[in-house]
Amino acid sequence: MQAESQGILNGESLSGTQSTFPVDELRSEFPALHRNPEFVFFDNAAGAQIPQSVLDAVNRHLLECNVQRGGLYAKSREVDATITRARQSVAILVNARDPNEIAFGMNATSFIRLVSLAIGQTLGARNEIVVTDMDHEANVATWLALERSGAQIRWWKMRDDGNLQVDDLAPLLSAKTRLVACTLTSNAIGSIVDVASAAKAAHAAGAEVFLDSVHYGPHGLIDVQAFDCDYLVCSGYKIFSPHMGFLWGRRELLCQLPTFREDFIPDEPPGKIEAGTFIYENVAGMEAAVRYLETLGTQTGSIKDVATPENRRESTRHAFDAIRLYEETLSLEMFRVLADCGAVVYGITDWSRIRERVPTLLFNLPGISPARVTEELARRNFGVRDGHMYSPRLMRRLGLAQETGAVRASLVHYNTLAEVRGFGDALAEIKRSC
Ligand SMILES: Cc1ncc(COP(=O)(O)O)c(C=O)c1O
């Protein structure tokens, strides 16, 4: 799982994708990427920047209809319409069968907690919950907390090859398994999990599947029908929207969940999941973020008209096809610059498995503490993060101290090869001077 990145690439050249992906055009849509002083943002795993269209949608909402929903006056009706549109858009983004399977709220963690609290009340004889040691702690600790309600925890462990393998899940499943909680992609090391195979195995045992798509969201096409999961949580602020989160759940399961709600709220999704007021302007921003991705798809794919839900979905697919290919070139170039400066890279480091990861790279420079590396990078206007990445179990699994962890550079489609090369130069300089 841990390999010197030196020599990994074998001189493999980058594909031609970077020349066809309209990165300059896309970057021009993100005002925050063009502020002074120049700043290279490689901390996208903690939240991405937003395009102007998203900013405009938030502003428009606050200026035109910053009122409570559910009233009969025009501005209030407009809030209802905005939420309905956003639900339809997010349903298209994740390929939900019904927009009412989408619930809006604060963030992913609170939704995981909401579902886990409800599941904790319905454990019965099926009381085993499978969690992984590769997940963000939000999708681990929330389930561990159910031990107080009688849950038995089973651990699906990452292999030395830097990913979770379904062969290791199968022996953990039985007629007692209630749920498998797992990530689509590690926020620390970027490995993409084969969640469709995991869901097949879990369902064969009669268990449900809860997916954390927070880190996968900006990098790949979410498809709840293809994944065949039961619940999926995501944070909009990782996929080019303002701070908010959403939950998708199978309608029949959401209907059964015992959630908290006021007595007069019908026991039906999405209302039963959305107690209280959420941040409407940010939901308006989320809707615009979905539209941004669809438009990106029209720039990179064959569909030019996104008037129908089918075309919108297809266009989103094109967007992520292009993003995935482009991001592979970023990952390969990151491998190269990290190898050049003698970094130790954690997770999948074999370039032939590039399809199995996103451009989120966890590494250390031997002999220099992670905090020192990020401080030095910050002085050179690079934004990266050090520490345990909210995945302390994974750090320990990788042989790293939880307190210090490692350095994470997390890129998205608006980052460039030139930025990666500049990053390599900065690391080489830090290595020489520290
Ligand atoms: C993979 C993953 N899961 C869950 C979370 C928690 O998300 P939120 O901040 O929306 O609660 C994060 C946040 O970084 C994450 O990366």
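Visitor: How much space lies in the second largest pocket?
Guide: About 280 Å³ of space lies in that pocket, a pocket being, on a 1 Å grid over the protein atoms alone, an open set of points where a 1.4 Å probe fits, with protein on both sides within 12 Å along at least five of seven lines. The volume is the space filled by probe spheres set on the points, which are joined across faces, edges and corners. This is a predicted model, in which local features need pLDDT of at least 70 and side-chain atom pairs count only at pLDDT 80 or more, while totals for chains, interfaces and linings use all residues. Residues are numbered from 1 along each chain as its sequence is written, and side-chain values use heavy atoms, with hydrogens and water left out.

Visitor: Which residues lie nearest the centre of the second largest pocket?
Guide: Phe104, Gly105, Ile273, Glu274 and Ala275 do, out of 17 lining residues, where lining means having an atom within 4 Å of a point. Strand E3 (102-105) and helix H5 each supply at least two residues of this lining, with H5 giving the most, three residues; helices (H or I, at least four residues) and strands (E, at least two) are DSSP runs, numbered from the N terminus.

Visitor: And the largest pocket, what lines that one?
Guide: Its lining has 25 residues, with Ala45, His136, Tyr237, Lys238 and Tyr390 nearest the centre, and about 490 Å³ of space lies in this pocket. Here too H5 gives the most to the lining, with three residues, and the lining divides into 10 nonpolar, 10 polar and five charged residues. In that division Ala, Val, Leu, Ile, Met, Phe, Trp, Tyr, Cys and Pro count as nonpolar, Asp, Glu, Lys and Arg as charged, and the others, Gly among them, as polar.

Visitor: Changing topic, how many aromatic pairs are there?
Guide: The count comes to 16, taking rings of Phe, Tyr and Trp (its six-membered ring) as paired if their centres lie within 6.5 Å, with planes under 30 degrees apart stacked, over 60 edge-to-face and the rest tilted. One of them is the edge-to-face pair of Phe30 and Phe240, at 6.0 Å centre to centre and 75° between the planes.

Visitor: How many disulfides turn up?
Guide: A search of the whole structure finds zero, a disulfide being a pair of cysteine sulfur atoms within 2.5 Å. Cys341 is in no disulfide, and the nearest cysteine sulfur, that of Cys434, is 12 Å away. Cys341 counts as buried at 4% relative accessibility, and Cys65 counts as buried at 3%.

Visitor: Last one: which residues of helix H13 are buried?
Guide: In H13 (residues 370-379), Pro370, Val373, Thr374, Glu376 and Leu377 are buried. Seen down the axis of H13, they fall within an arc of 160°, so they line one face of the helix, the arc being that of the directions from the helix axis to the C-beta atoms. On the other side of H13, Glu375 and Arg379 are exposed.

How values were computed: Buried means under 20% relative accessible area, exposed over 50%, partly exposed in between (1.4 Å probe, protein chains only).
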